[in-house]
Amino acid sequence: MTLLNVEAAIPSQTWAVVRLLTYFGKSIALDDARALLSPPPLRADEAKPRPPFDSALSSLQDLGLVHVDKESKELSLAGKARDLAGNDDLVAYTCILRRAVLDAEYNRELGADNERTGPRDLTRALAWFLMHDPMEPAVDWLTAQDLVDKPDGKDRKFLRPEVLPLFANGTRWTRFGYWAPALGLAAAPLFRTDGGSPLVPDCTVAVKQTVNGLWQPGQRINAVEALQVLRENLPVLPGGVHSLAVGIPTPGENVAGTALSFALLRGDDEKWIRLDHDDDARQILHVHDPDRPASPRPVSDITILEADHG
């Protein structure tokens, strides 16, 4: 099931199912889970032919995060979600959900066509969204139409024609507005703006969680090597395999790109990383700094600092 269609779940609904299973710490009867998570107002009727529980279950099965035994009709955690047994940590679940959505197995031949099964439509939209500058005005539904989904859209030249359209209607943009922030790959604008469901391509949360999961406080990593690792773990970043697959050009092997640069600079400001510069370094990462747009900030190494778990 495509994640941007109205029949699919939104992230909070999938979390409700997973959290129930982590609370019990074991498999439970599917009918019991449905009863616990489907109070009368959320059950199917003519206005809501598909209850949220069924949408969440289908989306989680598509992502390999829950399993329903055909014989016993027992519902259990599956794949990486099994690591959550007895743990209702939303941050940990966010990381697992993001890895599942971006998993290469579910995103094969992403740029070959507009096939929308599983997370493919969401992955394409994330890759397109993250090529934009977080310092530019927020993107809303009308802006998204002007950029990509209109025949003369400004961003069409960056995308393979086989993958268009990305949104097609406002409903799909609205659902993107649920998924992208939940995965840590977008944020609401700091100041109120006009337009429907405005979003900023701020991937700081995803970058911070990825950094915390990969490296320990005190580690110092060459910045260009860190860029490669971050693109491997977040392949919708410009230069990542999913971004390249849909036709978005790479900023360069030693260029962070505007969205990742914004996240790295926030990390430096918030003190969960430190961006260092050694004049004698052989590899230098160029970070886009809004305070000096004509001259990228050179970074030789990234030092991991102690951070909270946000």
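Arginine 160 is partly exposed, because its relative accessible area is 38%. Arginine 160 sits in the loop between α6 and α7 (170–182). Helices here are DSSP runs (H or I, at least four residues), strands are DSSP runs too (E, at least two), and both are numbered from the N terminus.

This is a predicted model, in which local features need pLDDT of at least 70, side-chain atom pairs count only at pLDDT 80 or more, and totals for chains, interfaces and linings use all residues. Residues are numbered from 1 along each chain as its sequence is written, and side-chain values use heavy atoms, with hydrogens and water left out.

Back to arginine 160. Which residues does arginine 160 contact, leaving aside its neighbours within four places in sequence? They are Gly111, Leu244, Ala245, Val246 and Gly247. Contact means heavy atoms within 4.5 Å. Glycine 247 is 87 residues from arginine 160 along the chain, yet their C-alpha atoms are separated by 5.1 Å.

The loop between α6 and α7 also holds proline 165. The peptide bond from leucine 164 to proline 165 is cis, with omega near -5°. Most peptide bonds are trans, and most residues other than glycine have a negative phi. Two residues that are not glycines have a positive phi. Lysine 73 has a phi of about 55° and lies in the loop between β2 (66–68) and β3 (74–77). Glutamate 109 has a phi of about 50° and is found in the loop between α4 and α5. Glutamate 109 counts as exposed, because its relative accessibility is 62%.

Next comes helix α5. Is α5 enclosed or open? Of its 10 residues, 10 are buried, so α5 is largely enclosed by the rest of the structure. Among these buried residues are Leu122, Ala125 and Trp128. The cover over them includes α4, α6, α7 and α10 (241–245).

Arginine 120 belongs to α5 as well. Its relative accessibility is 7%, so arginine 120 counts as buried. Its side chain meets that of aspartate 113 in a salt bridge (3.3 Å, N to O). A salt bridge is a side-chain nitrogen of Lys or Arg within 4 Å of a carboxyl oxygen of Asp or Glu. Aspartate 113 is partly exposed, because its relative accessible area is 32%. Elsewhere, salt bridges that share partners join Arg220, Arg274, Asp276 and Asp301 into one network. How many salt bridges are found in the whole structure? The search finds 14.

Arginine 34 takes part in two of the pairings described here. One is with aspartate 31, at 3.5 Å, N to O. Both residues lie in helix α2 (residues 30–37), three residues apart, about one turn of the helix. An α-helix has 3.6 residues a turn, so residues three or four places apart point the same way. Aspartate 31 is exposed, with a relative accessible area of 58%. The other partner is aspartate 54, in a salt bridge at 3.1 Å, N to O. Arginine 34 lies in helix α2 and aspartate 54 in helix α3, so the pair ties together parts that are 20 residues apart in sequence. Arginine 34 is partly exposed at 28%, and aspartate 54 is partly exposed at 22%.

Helix α3 (residues 52–62) also contains proline 52. Proline 52 is buried, because its relative accessible area is 18%. From proline 52 to arginine 274 is 43 Å, C-alpha to C-alpha.

Now take aspartate 133, in the loop between α5 (120–129) and α6 (141–149). Aspartate 133 is buried yet has no salt bridge. The nearest side chain of opposite charge, arginine 266, is 12 Å away. For charge, Lys and Arg count as positive and Asp and Glu as negative, while His and the chain ends are not counted. The backbone nitrogen of methionine 135 lies 2.9 Å from a polar atom of the side chain of aspartate 133. Leaving aside neighbours within four places in sequence, aspartate 133 contacts Pro201, Thr258 and His288.

Finally, two helices meet. Pro11, Thr14, Trp15 and Val18 in α1 meet Leu90, Tyr93 and Leu97 in α4.

Notes: Buried < 20%, exposed > 50% of the residue type's maximum accessible area, 1.4 Å probe, protein only. Polar contact = N/O pair within 3.5 Å; in protein donor to acceptor, adjacent residues only side chain to side chain.
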